[in-house]
Structures are given as C-alpha cells and as structure tokens.
Amino acid sequence: MDFLLVLIIAIPTLSALSYFSKFFKMTTLLSACLTVVLSLLLNSLHYADTGFFLLDGLNKLLLVTIASVYLLSSIYASVYHGHLVLSKELRLHMTLINLFSATMFFTVTINNYGLLWIGVEATTVSSALLLVIEKGFTALEAAWRYIIIVSTGLTIGLIAIILIYYNFHSLTISYLLSAKRSANAVLELAGGAALIGFGTKVGLSPMHTWLPDAHSEAPAEVSAMFSGVLLPVALYSLYRFYQLVVDPRITMLYEFFALLTVVTAAILLPSQRNYKRMFAYSTMENIGTAMLGFILGGPAEAGAMLLIVSHAFGKASAFYSSGNILERFKTKHIDEVKGLKDSMPITGVTLGLSALSVTGAPPFGVFMGELLIIFTLITLHLYSAAFILVASLFISFSSVNYKVSKMLFGEHDVEKSEAKRGQLLVALASIGLSLAVTVVYLVT
Amino acid sequence: MITQEILSLISLTLLVSAIAIQSQSYIKPMIRTIILQSVLLGAITALVGFEESSYELYLLAVLIVFLRGVLISYVLEQRLPRNNKFVREYLPGVASLTLVSIVVIMLSFLLYYFAFFGKLGSPIGAIGLSLMVQGVLLIMTRKNSFAHVIGYIEEENGIIFIGLSWAPLPLLVEINVLLDVFGLVIVSSVLVFEAKEHYVVQELIG
C-alpha cells in the first residue's frame, strides 16, 4: 500500500521532467491517467497506517478528486494552449501542473503535521507561476498577491506546529489523534494559529483577498484546480488541526469564521461584474459551508465531503466553460457576454448546469451536502446559524444564477461558434461527474 | 551563563536589524541587512546547539547561513538592475515608519506577554514574535517587490527564533521548511523581474 502512495506522488513528480522532451503533453496526460487509476485502487483497498502515510475515509475521496481534476485540467490545458505548440511557456506550464498535483497528493496523504505544512507551502511554490503563462500585467499582480499573502499567512500556521510539538513532542497525525488528550491553553493557541495560517490558504474571510484575484487571472484549467482541489486540500489540512484540538471555544471560533466566510461571499456576490471573480466568490461560499459541516461532525461531515467532491467537478466545469467564453469573447465582463445559448450552445449548457451545481440546486451533490449541514444545525438547535447559512446560500444562489442567465440569454450580435471539441468534452465530462457523485452517494 | 548572555545580546541585535530594515528605502542595504540578520540567527542556532549539545542544531545553523545568508541574498542581488545598483523605493515618511516600527515592537512584546508567556514561559520568544510582526509590517507598508520578499524572510527568521526558544522542531521538518522558503524566494524572484512595484489594479477590485 505504501508503494502505491509513493507511486501516486512520484509519477507526477517524474513526469515533470518531461519539460526536456517534446512529448511533454503526452507524458502529462499519461501521468494523470495513472494517478486516476492508482487513486481508485487505493480507494478499494483497506489501509493499515504504517507511519509515514495516513489514509482514511477523509483523504481517500480527496485523492480521487485531485487525480480526476488533474486529468481534466491536463487535457484542457493541452487543447486550450495548443497555439503555444512546443514553446518554453507551455512546457513550464505542464511541468508545473504535474508538480502542483504531486504536492497536493503529498499533502493529503502525509502523516506528519510538520510535513503537512510543508506540503501546503509547496502547493503555493508550485502553483504561483501557473498564473502567469501569458505574463499579463494583471496576472502578474494577482500571482504576486497570491504568493505573498498566502505565504505570510502560512508562516503563522507554523506557530501551530511548534506549539503541537511543544505539547506532545510528536508530530505524527495518526498517533496524536488516537492519543488521550484534553483541552489546554497551548492547544487552544495552536488551534487559533492554525485557523489564521491555514485559513489564509483556505480563503477564509477576512484572509481571503488573494482568492478572487488568483482565480480570476489564472488560466481556466488552473482556476479549476485551485477552486476544485487546492482549497479542499487546504481545508483538509486545517481540519486535521481542528481534530487535534479538543476545545469548545475553538469549535465556536472555527464555526464563526466558516459562517463569516459564507456571509462575506453572499455580500460580495451580487456586485460582481467579472464572471471568473463571481465563481471565485462562489467557491468561498462553498468552502465556508463545507468547513462548517466538518466542524459540526455527524451527518454534516458526510454532507461536507459530498459537497467538496461534487463542488470540485461542478466548479471545474464552470471554470472550463469560463475559459471557452473568454477565448471567444475576449472579455471577463458579465455585461459584455450575451446570448450564449445561441452563439455557444454547448458551452451555454455546461455553464448553466455548473452554475446550478455549485450554487446547490437539486439533484447535484452540493444541494444534498448543504441539506445535511442545515439539518445538523437544526438538530443541534443552532437556529440562528442555520438561518444565516440559509439566507446567505439563497443570496448566492440568486446572484450567480441571475448573472449566468444574463449571459445565456439576451440579444447578441456574434455568429455561432463553439470552443474546440476537447475543451467542450472536458467541460461536459466535469459536469457529468458532478452529477455522478450524487448517483454514487445514493447507491452506496 | 556567559552563553546565555551572549545569546540575549545577539537576539537583541536581531531587533535592531529589523528596525534598520524598516527605516531603509534603498533596496541593496535592505538585502545586506537581512543577510546579517540571517547570519545572526545562524549564530544563535549554533549557540543553542552548543548549550544543548545538539549536532542537529549545528547542522541547522549551517543551513540557515548557507541558504539565507548566501544563496537567497545571491538570488535577490542578481535581480537588481545591473546598471543601477542604487535602486530605491520612493517612500514618503520613512522616519514615521521607523517610529511605527518601534511602537509595533512594544505592542508585540505586550502581545507575547499576555498570549504566550503565561503558558509557555521563555521570555526571549518575544523577540521572535516581534521579528515576525516586523516582517508582516514591512510587507504591508511597502509597494516594492524586493521589500515584500525581505519582509517574508524576516517573518520566517522570526518563526525559526520562536521554534528555538519554545521547542526546536525535528531536523527533517526544519530542513524542509528552509528549502520550501528557498523555493518560494526563487519563484518570487522570477516575478520580481516582471513586476517591481505594486499598485491598485482596477481589474482586481471588488
């Protein structure tokens, strides 16, 4: 089993060496396919913790999600950036996609808090240059903000690791989670430091400022990876810290920041004029809701997991569709894109469905996940929190779907012309997978 | 006892170096001061290693000096324009910023006293926290990319100092943290070349 885990990290790392080969696209696609197979294999096997790696119900599903979005994004990138042919920029881009995926696999499987921090920081190192494939001024500024804000925040997260080591003299996750522990002031401080540090990477309000910039300026396939899998990986890391800290005050603090993030997104969504920024804020809302689910536990935890997986594919599809629209209309302004149902019918369908998926429309998994979280809040008599969540989700749902419908319908004066077939297939497959998550959940 | 006094003295010079960086608008002296700060941190690590007879800390000291004092400074200086080594950030109110920096150090000490001292002891850890806060302050008050990277390194120096004063992390983790930061500076230096100063961008509002 350890061998399979080493392989799933090693394959994308080694395929990054394809920078020096003219078959770099093929190598990346092959690597992504192999990681999908490996992640499915790992899901079907029972794993005994052997020390260096940790695999449980939580990260098994994340592995499949990361591998799938890695594959979809690799295909999309090789078609979307096809005009760059064998250029140095595209080689570097594909290389970094491989390394970025490898760092995410490492982060979700490692069984050590210190190395977990290193994994999260490595995702920043490997992904920052993914934003600037075409070196536009705004993309450079967004990449800079991403790297500086996230790294500054994560350094505060390192305080949490020092405090954990000070308290337990060990950083092994499985050992610490199974050890007998009680609430104390040092762990409380560790929980707070982790919330600020890793919360910056998760995109929790008010440390979220890098998130809409990076998501809106990155190429479509990178936005899909950021939104679909990077933020869940960061949330997974934060949750591992939360699991260790047994303290009702920390629970309240985490719940407060999760709700604050959902409310912030709901306040900012109605005023969005850029469709990629709009989807970025929608991600904040989804991740905040998922975090609330993880903190509440019980049915809400299952709901959060369902939400995370379904959202990954739904949001990836939304960003792939956004990439198709940007390629055609050369603008990110919502007001300048009209009549997609006639000019780009397939992209219109994927955009509309993905918007419904990520905002929690039935029968998508996000809807079921949100329902389970709201149900748990009511069961725990947290009525005010339930009301705030429902109101925020309603505002987000209305804002995103109203803006998307403005893009789908309305007068247009452009000819019918779709994106390249590969791009369309990736967007369709992604939204199909989002729907399939619901079916799999109901069947199993 | 003498080692402790030397340790306290060098630790205080870290704070002086932080104030010196805040009060500087020329980039090259800023880089030189952060090198000095990193070398001093290496010396502190070696001294703690001497006190605790820990070869791991000696190795960590060598790595700090090599990675932060030599390699990172080389990478940053290479990014300065060759024809104009006197690169500066046109920044109004450097004197006021220095005063703010001193006030922030005092506040950091208070924060440490109320939040950490009662639970962890180790009064010297306050210097590490102050250094971290100074790094964040530098990032927040400057528009220049070099200043941002230097602020980040300063923050990381602060966290290493905190680790030394509370509980040094296992060597494997410390080495990886150092390498990660090194990787981040390399990536940042690529971006530094493309965008040297940062202002409000219309497309990134809202």
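**Around one isoleucine**

A: Leaving aside residues up to four places away in sequence, A:Ile161 touches A:Tyr113, A:Gly114, A:Trp117 and A:Leu171, together with B:Leu169; contact here requires C-beta atoms, placed from the backbone, within 7 Å. The model is predicted, with local features needing pLDDT of at least 70 and side-chain atom pairs pLDDT 80 or more, while totals for chains, interfaces and linings use all residues. Residues are numbered from 1 along each chain as its sequence is written, with chains lettered from A and ligands numbered from 1 in the order in which they are written.

A:Ile161 is also one of the residues that touch the most other members of the largest nonpolar core, a set of 223 residues, and B:Ile150 is another. Such a core joins buried Ala, Val, Leu, Ile, Met, Phe, Trp, Tyr and Cys residues through C-beta atoms within 7 Å, buried meaning 20 or more other C-beta atoms within 10 Å of a residue's own. Helix α6 (137-168) of chain A contributes the most to this core, namely 20 residues.

The contact between the chains draws 35 residues from chain A and 34 from chain B. On the side of chain B that touches chain A, α4 (94-120), α5 (125-141), α6 (145-166) and α7 (171-194) each give two or more residues, and α7(B) supplies the largest share, eleven residues.

Chain B as a whole has seven helices and zero strands (DSSP runs of H or I, at least four residues, and of E, at least two), and 43% of its 206 residues count as buried. Its C-alpha trace spans about 50 × 35 × 35 Å along the principal axes.

Key. Two residues are in contact if their C-beta atoms, placed from the backbone, lie within 7 Å. A residue is buried if 20 or more other C-beta atoms lie within 10 Å of its own, exposed if 12 or fewer, and partly exposed in between; C-beta atoms are placed from the backbone.
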